[in-house]
Amino acid sequence: MPSAYSENLLQAIDTLRSHKMRSALTVFGVVLGVSVIMLVAALITGLNRKVEESINQIGADTVFVSKWDQLHHAGPRPQGELQRKPLTPDDAQAIADNCPAVKGATAWVEPPWEQAHVIRTKGGEVTGIDFRGVQGNFGLVYARESLLDGRFISEGDDLHREKVVLIGENVAPVLFPNGHAIGQDVLIDGSNFVVVGVLEKQKGGFGTDEADRRVLIPYSTFKKIYPSADEVNLRAQAYPGMLNEALDQIRELLERRRGVPYGGRDNFSLTTAEQISAEYHQIVDKIGLAAVVLSSVGLLVGGIGVMNIMLVSVTERTREIGVRKAIGAKNRDITWQFLLEAVTLTGAGGIIALILVNLLVLLIRLTLRWPGVVPVWAAATGIGVSVSVGLVFGVWPAVKASRLDPVEALRYE
């Protein structure tokens, strides 16, 4: 024989099925609020995986050196930062020669931001490239970048200003749709280059394919073609387990080379993968907070709708309540009946939200190759929150129903 609670649950489900449209409209706010929680959690999960892949690709032992402050920057740069002198390849050589904790260091130069660069062949062209001039030890310091085909730019290429180019995997099929890229000619801003290598596709990339759109030529060749380019950055690789020592040694060396007074502010910045990760998590925390605020609005709207519809339901079923009480139903039976209706309504909203978000995430995964999934904790939290909304906002209608006088209820028309 079913328990009283089972009977109440079955009655609650039957009541909701008999008012399908009303139930659907009531639960919309709950579906919206819970969907936001789950969707943001899924997107953040995918972003976390992308960042982890990128950090692994960069390497935890990597130090980026720039004249610009790379982190915590928003808006126009201060005048003092704009007046900093550029870094040079000599700085990279000095780091490699004088910092015992550093395994290797290299420099690269980028063109002025206002210039748009195009690489083309008869087969096609690519714009929006990540165009750089790199030293011959690029392949050694960027040890985690591997080749799909060909070779890296060499010291000899840099020394003799050879017109050779290394292209990313997303560039090669556009320029050479019919096959082999190595040894083929390309035009970069009107200058002819020979392809010597194709970089393998990178994982991560912080959600972009910038690394796979790289176009790299020798540093000296770049400076010959673009003599005004002075946007030089450095990358150093520390020995395993010696990142902190490398940071201290690089900082001390550059302070001496760049004339930073004792106790003065550095006119360069050092950035590590760990710092990039910490900056990312600060951004994610803000996104999470915004998601909580947005979902709270939806859940509040849904909760008010549940309370309103349950109060209407109590009024409509006053005689039913009177009949139940007349044949022996107790106040707690009436309370549980209406409370379970509210919980069933909002719980169904949570399940609907879970199904919809999983379908949306699947679509995103298939179309954008985004590695996000709805984590178990987010699904459990969403369902738990939706049920809690029913409990909180269903209490008053349930208590009101249980307190009805059976005699007065039976007289209600």
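**View 1. Packing of α12 against α13.** In this predicted model, α12 and helix α13 (residues 376–402) pack with their axes 7 Å apart and at an angle of about 150 degrees. Angles over 145 degrees count as roughly antiparallel, and α12 and α13 are therefore described as roughly antiparallel to each other. The crossing in which α12 passes α13 is right-handed. On the α12 side, the contact is made by N331, I334, T335, F338, L339, A342, V343, T346, G347, G350, I351 and L354. These residues meet A379, I383, S386, V387, V389, G390, L391, G394, V395, A398, A401 and S402 of α13. Divided by class, the contact of α12 with α13 comprises 15 nonpolar and nine polar residues, with no charged residues.

**View 2. Surroundings of T335.** The residue shown here, T335, belongs to helix α12. When its neighbours within four places in sequence are left aside, T335 is in contact with A398 and S402. Both A398 and S402 are among the α13 residues that meet α12. The view also includes W396, which lies 61 residues from T335 along the chain. A distance of 9.4 Å separates the C-alpha atoms of T335 and W396.

**View 3. Packing of α11 against α12.** Helix α11 spans residues 318–326 and helix α12 spans residues 331–368. The axes of these two helices are 10 Å apart, and the packing angle is about 140 degrees. The helices α11 and α12 are therefore oblique to each other, and their crossing is right-handed. From α11, the residues E320, I321, R324 and K325 take part in the contact. The contact of α11 with α12 contains four charged, three nonpolar and two polar residues.

**View 4. Packing of α10 against α12.** The helices α10 and α12 cross at roughly 140 degrees, and their axes come within 11 Å. As a consequence of this angle, α10 and α12 are therefore classed as oblique to each other. The crossing of α10 and α12 is right-handed. Helix α10 contributes V306, I309, M310, S313 and V314 to the contact, while α12 contributes F338, E341, A342, L345 and T346. By class, seven residues of the contact of α10 with α12 are nonpolar, two are polar and one is charged.

View 5. Two elements, α2 (20–58) and α10 (273–316), each give two or more residues to the lining. The greatest contribution to the lining of the second largest pocket comes from α10, with seven residues. Nine residues of the lining are nonpolar and five are polar, and no charged residues are present.

Note on methods
Residues numbered from 1 in each chain as written. Predicted model: local features only at pLDDT ≥ 70, side-chain atom pairs only at ≥ 80, totals over all residues. Heavy atoms only, no water. Axes fitted to C-alpha atoms, helices over the stretch in contact; angles between N-to-C directions. Helix = DSSP H or I, 4+ residues; strand = E, 2+ residues; numbered from the N terminus. Parallel < 35°, antiparallel > 145°, perpendicular 65-115°, else oblique. Left-handed = near helix turned anticlockwise from the far one by under 90°. Contact = heavy atoms within 4.5 Å. Nonpolar A, V, L, I, M, F, W, Y, C, P; charged D, E, K, R; others polar.
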